[in-house]
Amino acid sequence: MSSNSFRTIFRAVAVAMVAMVPFLFFAGEGECSLGDKDKDKKVTLPKQVDAGLDYLFDFMSGSGADLDASKIAGLIKYVDDTPPTDKIIKLPKRDSANGAAMRMQVNAGLKRILEYTYNPEIPNYAIYPSVIRVSGWSPDSQFYAEKAQPWKFLGDCATPRVWRGEEFEVNTPDSFGGAYYRYDLNRLLVLMKYEGRDVFLSVSKQLDKSSVGMKGLVVDDNQWNYFYSGIPGLTSGGMGWMDTFMYDSMSVNLYIQDKNDPEQTVSYLFKWLRAGWAGLNVVRPKHIFEGSQRFGRAFTALMESETLPEPQVFAEKVREIEAMPEQELDHYISEYSKQVEHFAAKHPVLSDEFPEVYENGKYADKFTREERIGVLVKEYVKQAMGKQCLIYEKVVSN
């Protein structure tokens, strides 16, 4: 066989393998594969809703401070009129990204939600422990630099209040491939009134391609317990060698006082995601919805909890942990690594695939300082919520 013929055959095989990757990756995961046909039709958003979403993303990418509330009135009305549902809401594509929406009813007022969730002194990962590993604002972001406190303007937002910023996030491992990524986001925050009720919007758009996906694992989602290997690739699907990326993500999370009970809040999350390898998008609406449900379960539990420390106490504990000397931090993280080794050695996947990562107490040896601080902050939240903690009670005492 000539070398040209060999190259032709090799290319054909390579193309076939790439075409099969999505099927291999999602087969057996219990969620969906690229071979699945969408049995439920995507919703057709009313024109005024699409126009409102377009306006928010365009406004976020600009620099103006004066938001035109009339441009998003149709979007807010759509959310306000949407009946309760726990089903997936499949969205039309946006910028080649698949989308899904989710509606949540939170038994907490908007003031409480803002005091925790949009407080520059409380990191997002502490309030979204099931979906974010670590996060942080760019120091020169308006929201962070001004130490904004949106809840203080609830009685003074007839004219919309606007904050902007950039932040980074590292997500927890996804449940279908086991990968986690670091990426940067543009963020727009808006506080306003609608028919006399308070409305808050958080709009985000990914700035660039994420870092390469790293192998991780959801160990126990109910206990917010996840494993991070620091090794590029995928944990599940039989394609562990694949270099995957998050190419783009967009979201609009709209909170509005419930029309029947102002002490409750309706949250409606629009989310789009494009991720995969070699430019291919292998994310489906079901995957986005599953991730949104993980977010929603933890978020509502925190916001409705009677044991979560008051925001001022919470913020003070975060500052205390962030200021911890390196030697003291190492002491607690060493104990954490021992506990991880203890359960990993009994875990069928971790003990088989990652013993070199956690054996001999070295699990967190390569963690950055921000990742180590994130461990301690999350353990503090877990203790407050009655979850299983992996480090000394002294660190997580309230």
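# Exercises on helix packing, salt bridges and a buried arginine

The axes of helix α8 (residues 311-322) and helix α12 (residues 369-384) come within 10 Å of each other and cross at roughly 145 degrees. The structure used in these exercises is a predicted model.

## Exercise 1

Describe the crossing of α8 and α12, and state which residues make the contact.

**Solution.** Two packed helices are described by the angle between their axes and by the distance between those axes. For α8 and α12, the angle is roughly 145 degrees and the axes come within 10 Å. The next step is the handedness, and here α8 passes α12 in a right-handed crossing. The contact is made on the α8 side by Val-313, Phe-314, Lys-317, Val-318, Ile-321 and Glu-322, while α12 contributes Arg-369, Ile-373, Leu-376, Val-377, Tyr-380 and Val-381.

## Exercise 2

Find the salt-bridge partner of Arg-369, and decide whether each residue of the pair is buried, partly exposed or exposed.

**Solution.** Side chains of opposite charge can pair when their charged atoms come close. Arg-369 forms a salt bridge with Glu-326, and the closest N and O atoms of the pair are 2.8 Å apart. Glu-326 belongs to helix α9 (residues 326-344) and Arg-369 to helix α12, so the pair links distant parts of the chain, 43 residues apart. Glu-326, with a relative accessible area of 40%, is partly exposed, and Arg-369, at 31%, is also partly exposed.

## Exercise 3

Locate the salt bridge between Arg-133 and Glu-371 in the chain, and work out whether its two residues are buried or exposed.

**Solution.** Begin with the distance: the closest N and O atoms of Arg-133 and Glu-371 are 3.4 Å apart.

## Exercise 4

Follow the salt bridge of Asp-80, and name the residues of the network to which Asp-80 belongs.

**Solution.** A search of the whole structure finds 23 salt bridges. In one of them, the side chains of Asp-80 and Lys-259 meet, with an N to O distance of 3.7 Å. Asp-80 is in helix α3 (residues 73-81), whereas Lys-259 is in the loop between β10 (245-257) and β11 (265-276), and the two are 179 residues apart. Asp-80 counts as buried at 11% relative accessibility, while Lys-259, at 44%, counts as partly exposed. Finally, salt bridges that share partners join Asp-80 and Lys-259 with Lys-77, Asp-81, Glu-195 and Arg-197 into one network.

## Exercise 5

Examine Arg-164, and determine which backbone oxygens its side chain reaches.

**Solution.** Arg-164 is found in strand β4 (residues 161-171). Arg-164 is buried yet has no salt bridge, and the nearest side chain of opposite charge, that of Asp-66, is 9.3 Å away. The cut-off for a salt bridge is 4 Å. Turning to the backbone, the side chain of Arg-164 reaches the oxygen of Gly-64 at 2.5 Å, and a polar atom of this side chain lies 3.0 Å from the backbone oxygen of Met-60.

Terms used:
Residues numbered from 1 in each chain as written. Predicted model: local features only at pLDDT ≥ 70, side-chain atom pairs only at ≥ 80, totals over all residues. Heavy atoms only, no water. Helix = DSSP H or I, 4+ residues; strand = E, 2+ residues; numbered from the N terminus. Buried < 20%, exposed > 50% of the residue type's maximum accessible area, 1.4 Å probe, protein only. Lys, Arg positive; Asp, Glu negative; His and termini not counted. Polar contact = N/O pair within 3.5 Å; in protein donor to acceptor, adjacent residues only side chain to side chain. Axes fitted to C-alpha atoms, helices over the stretch in contact; angles between N-to-C directions. Left-handed = near helix turned anticlockwise from the far one by under 90°. Contact = heavy atoms within 4.5 Å.
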